[in-house]
Amino acid sequence: MILFSYDKTLDGLLCVIFEAYQKKLFPEMLIKLGDIPPLFIDQLLEIQTREEIVVKVWNYLKKKMSKESLNIIHAVWLSEQDERDWLLFKYIKKAIDSKFAGHTDFGDDVIIQAHNLAKKVYKEGYNWKQFVRFKKSKDGIYFAPVYPIYNSLPLAIPHFKDRFSFQSWIIYDLKRDYGFYYDSKEVIQMTLERDNEYFSKDSINESLLDSKEVLFQESWKKYYQALTIKERINLKKQKQHMPKRYWKYLTEKQ
């Protein structure tokens, strides 16, 4: 058995692919640098991530694969699922070894798996465009907490940068403890201390909200309730269009 160990980053995976073709030696398993390998292996290669190799491989893949295929690589990596790197290794190798364009051979199990996983990640990324609810703080920054299954928040950020380009906001992934701050000019990835004044039970501290924001939220809840026809409430249908896991951070569902 041939094993490659690397730093378990997407850039590192690209270096793994480069070294495999450079040495004409293809791994049967990928492990993290420093992890103890299984017994009875034939060869273990430690692959170091190098920026010049990353750029070289990406440039090659841009010529070899379609834009959709490259997007699938990105989405599968954001899934954070077990064996995502092994799936992508096979996916990319298939593209390199053939005339495969990256998204047309739906008779291939590797292509199907990659597409299905990417689809789930993109769907969640799309949902944030609909289900994010901002709250305005006293300092004028709009804050929105989210809790994604996948690391899908980066997929939605371009939408918010375009849609709310004239105001400052933070969208924060509570599961991964990082978020994006937009200062009305550029988006910056950032991390907040979870025990700081901003947070109270995994949400923004209500005492930090703008006084008009509190009034607006109450007005929105009343408006939502006024539009609701109790006789036509269908929770099953509602959950189909608005999964229950999003409700926690929706003002109208509080």
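**Helices and strands**

Author: The crossing of α4 and α5 is left-handed, meaning that the near helix is turned anticlockwise from the far one by less than a right angle (clockwise would be right-handed). This is a predicted model, where local features need pLDDT of at least 70 and side-chain atom pairs count only at pLDDT 80 or more, while totals for chains, interfaces and linings use all residues. Residues are numbered from 1 along each chain as its sequence is written, and side-chain values use heavy atoms, without hydrogens and water.

Reader: How many helices and strands does the protein chain have?

Author: Helices (H or I, at least four residues) and strands (E, at least two) are DSSP runs, numbered from the N terminus. On that basis the protein chain comes to eight helices and eight strands.

Reader: Are α4 and α5 oblique or parallel to each other, and why?

Author: Axes are lines fitted to C-alpha atoms, for helices over the stretch in contact, with angles from 0 to 180 degrees between N-to-C directions. The axes of α4 (residues 84-97) and α5 (residues 109-131) come within 10 Å and cross at roughly 120°. Under 35 degrees counts as roughly parallel, over 145 as roughly antiparallel, 65 to 115 as roughly perpendicular and the rest as oblique. The two helices, α4 and α5, are therefore oblique.

Reader: Which residues of α5 make the contact with α4?

Author: Contact means heavy atoms within 4.5 Å. From α4 come L87, K90, Y91 and K94. Their partners in α5 are V110, I111, Q113, A114 and L117.

Reader: What is the order of the open sheet of three strands?

Author: Two strands pair if DSSP finds at least two bridges between them. The edge strands are β2 (29-32) and β3 (43-46), each pairing on one side only. Pairing in this open sheet is parallel, and the order is β2-β1-β3.

Reader: At what angle to β1 does α1 run?

Author: Helix α1 covers residues 10-23 and lies across β1, β2 and β3. Its angle to β1 is about 145°.

Reader: Which residue in the turn between β7 and β8 has a positive phi?

Author: β7 (residues 178-182) and β8 (residues 187-190) pair in the antiparallel sense over four bridges. They form a hairpin with four residues between them. The positive phi, about 80°, belongs to S184.
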